[in-house]
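Visitor: Could you take me in for a close look at a single part of this one? I'd like to hear what surrounds it.

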Amino acid sequence: MIDDLTAGTTGRISVPAPAAPVEATTRTTAHVVLPAFDEAGSLPNLLARLAETARTERLVVWVVDDGSSDETAAIARAGRPGLDVRLVQHPRNLGLGQAVRSGLTAVLDAADPDDLVVVMDADDTHDPNLVTELRRALERGADVAICSRFVAGGDDSTAPPFRRLLSRGAAVTFRRVLRMDGVHDFTSGFRAYRVGLIARAAKHYGERLIEERGFACMVELLLKLRHCDPVVAEVPLVLQYDRKLSTSKLKLRRTIMQYMKLLVRDRLAPAPYRSL
């Protein structure tokens with residue numbers, strides 16, 4: 001049975017699916033947020049891989065359909081055997097930032113403070129098995145764990161040259177300017193956070209938790225969370241860009257401008273708080 005829940009202007013629909021397999025050995029839940037725009041080609045493969053991960057990890061998967069014109073929503077609504085898949089829908093395309101924010105909001109309404117929330121791409125270029133490594137990093141004391149292309153064991157050689165150049169340029173720039181301990185990959189879209197940390201930041205920022213619409217939203221969220229003094233860890237990410245079936249949504253010039261705007265805003269704006 002489908003349970004429709006509508007909230008605000010996003011037209012959220014939550015679709016319960018079968019619970020995670022009893023083989024799962026973890027006690028806390030990893031809530032996996034998948035921002036998706038026209039990912040009907042990649043989503044079935046990714047859900048199948050996540051179902052395999054759910055044999056040892058307690059997962060809830062939140063597909064955020066950001067106004068897709070293809071069958072993305074229908075695929076999420078159909079779910080996957082052995083995987084708890086829930087759908088959050090935008091009636092129109094609002095951009096990656098708003099999709100991430102809607103996913104985090106949905107998780108905060110359902111998760112326990114000790115759970116973790118994982119954000120990863122819906123285009124099947126991220127390996128779901130790394131959810132286990134992200135969990136372990138949080139269990140060792142991290143508040144944020146980033147799947148990084150720029151640490152030993154990481155690799156992004158399958159990505160197009162312009163994306164690799166943008167990611168590396170952003171990494172060097174943000175490291176020099178922001179000096180965040182433990183962070184080499186500022187733009188990675190594959191991360192885990194303690195739910196309690198996101199809840200603290202959301203309580204302070206409200207709807208301003210994520211304001212960027214595009215790819216810069218991942219940097220923005222990290223910059224805002226740093227005022228909570230989080231412990232950040234990184235695990236190696238081998239990007240599987242050769243698995244990507246959908247077209248790239250990244251707009252190079254627009255993304256560079258968003259990164260620059262974030263840097264200027266961060267330098268000019270005072271820190272909103274240091275602890276809550």
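Guide: Let's start with a pair of side chains: Asp-185 and Arg-149 are joined by a polar contact of 2.7 Å (a pair of N or O atoms within 3.5 Å, where, within protein, one must be able to donate a hydrogen and the other to accept it, and residues adjacent in sequence count only if both atoms are side-chain atoms). Before going on, this is a predicted model, so local features need pLDDT of at least 70 and side-chain atom pairs count only at pLDDT 80 or more, while totals for chains, interfaces and linings use all residues. Residues are numbered from 1 along each chain as its sequence is written, and side-chain values use heavy atoms, with hydrogens and water left out.

Back to Asp-185: a polar atom of its side chain also lies 3.1 Å from the backbone nitrogen of Ser-188. You'll find Asp-185 in the loop between helix H5 (161-178) and S6; helices (H or I, at least four residues) and strands (E, at least two) are DSSP runs, numbered from the N terminus. Is that spot buried or exposed? Asp-185 is buried, with a relative accessible area of 0%; buried means under 20%, exposed over 50%, and partly exposed in between, with a 1.4 Å probe and protein chains only.

Zooming out, the open sheet has seven strands with mixed pairing, ordered S3-S2-S1-S4-S6-S5-S7; two strands pair if DSSP finds at least two bridges between them.
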